[in-house]
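Dear colleague,

Please find below the structure that I am handing over to you. My notes on it follow directly after.

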Amino acid sequence: MEVKICKGCKRMFNYITGPVMCAACKDKLEDDFVDVKDYIRKNPGCSMQMVADECEVPIAQIKEWVREERLQFTNAAGSGITCEKCGSAIPTGRFCDFCKKEMAQNLARGLTPAVNKEAPDMSGSADKKGMRFVNN
């Protein structure tokens with residue numbers, strides 16, 4: 001085990017994995033998350049600033065939960081989160097649906113093997129030079 005200093009309370013603790021926070025600060029953060037989630041459920045049209053003021057949680061923490069897709073606002077403009085690629089307002093996550101789809105298509109295109117059109121066809125022609133395959 002490793003000893004680290006907690007980001008929240010600045011006390012030393014035995015660090016195992018995850019965020020560099022002691023168990024007490026992790027519990028407090030999880031309680032704050034539950035409060036924020038309940039507030040958003042009860043007030044579906046609220047903005048991020050309203051949530052931060054009512055629940056006494058920093059906007060940066062709320063944005064982190066939204067980026068992690070743990071929270072979602074009903075209206076994209078209320079979340080204050082924008083797509084990291086195109087900049088459009090999104091209710092949760094890092095990318096809008098269009099950019100996610102485009103990235104998935106680009107990835108799929110990149111994974112398909114390219115056919116080399118310049119390579120000669122050596123499929124069984126006996127009069128061509130090159131490697132021969134023996135059929136058993």
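**Aromatic pairs and helix faces**

Phe33 and Trp65 are both buried. Please note that the model is a predicted one. The rings of Phe33 and Trp65 form an edge-to-face aromatic pair, with 5.2 Å between their centres and 75° between their planes. This pair links distant parts of the chain, since Phe33 belongs to helix H1 (residues 23-42) and Trp65 to helix H3 (residues 59-67), 32 residues apart. Phe33 has a charged neighbour as well: the charged end of Arg70 sits over its ring, 3.9 Å from the centre.

A search of the whole structure gives 2 aromatic pairs. The other one joins Phe13 and Tyr15, again edge-to-face, at 6.3 Å centre to centre and with 80° between the planes. Phe13 and Tyr15 are both buried. Over the ring of Tyr15 sits the charged end of Lys4, 4.4 Å from the ring centre.

**Helix H1**

I next considered the helix that carries Phe33. H1 has 20 residues and, at 1.5 Å a residue, should span 28 Å; the C-alpha atoms at its ends are 29 Å apart, which agrees. Which residues of H1 are buried? They are Cys25, Asp32, Phe33, Val36, Tyr39 and Ile40. Viewed down the axis of H1, these buried residues fall within an arc of 130°, and therefore they line one face of the helix. As a general point, an α-helix has 3.6 residues a turn, so residues three or four places apart point the same way. On the other side of H1, the exposed residues are Ala23, Asp31, Arg41 and Lys42. The cover over the buried residues of H1 includes helix H2 (48-55) and H3.

**Helix H2**

Just after H2 comes Glu56, which takes a positive phi of about 55°.

**Where to look first**

Yours sincerely,

A colleague

Key
Residues are numbered from 1 along each chain as its sequence is written. This is a predicted model: local features need pLDDT of at least 70, side-chain atom pairs count only at pLDDT 80 or more; totals for chains, interfaces and linings use all residues. Side-chain values use heavy atoms; hydrogens and water are left out. Rings of Phe, Tyr and Trp (its six-membered ring) pair if their centres lie within 6.5 Å; planes under 30 degrees apart count as stacked, over 60 as edge-to-face and the rest as tilted. Buried means under 20% relative accessible area, exposed over 50%, partly exposed in between (1.4 Å probe, protein chains only). Helices (H or I, at least four residues) and strands (E, at least two) are DSSP runs, numbered from the N terminus. A charge sits over a ring if NZ of Lys or CZ of Arg is within 6 Å of the ring centre and within 35 degrees of the ring normal. The expected span of a helix is 1.5 Å times one less than its number of residues. The arc is that of the directions from the helix axis to the C-beta atoms. Contact means heavy atoms within 4.5 Å.
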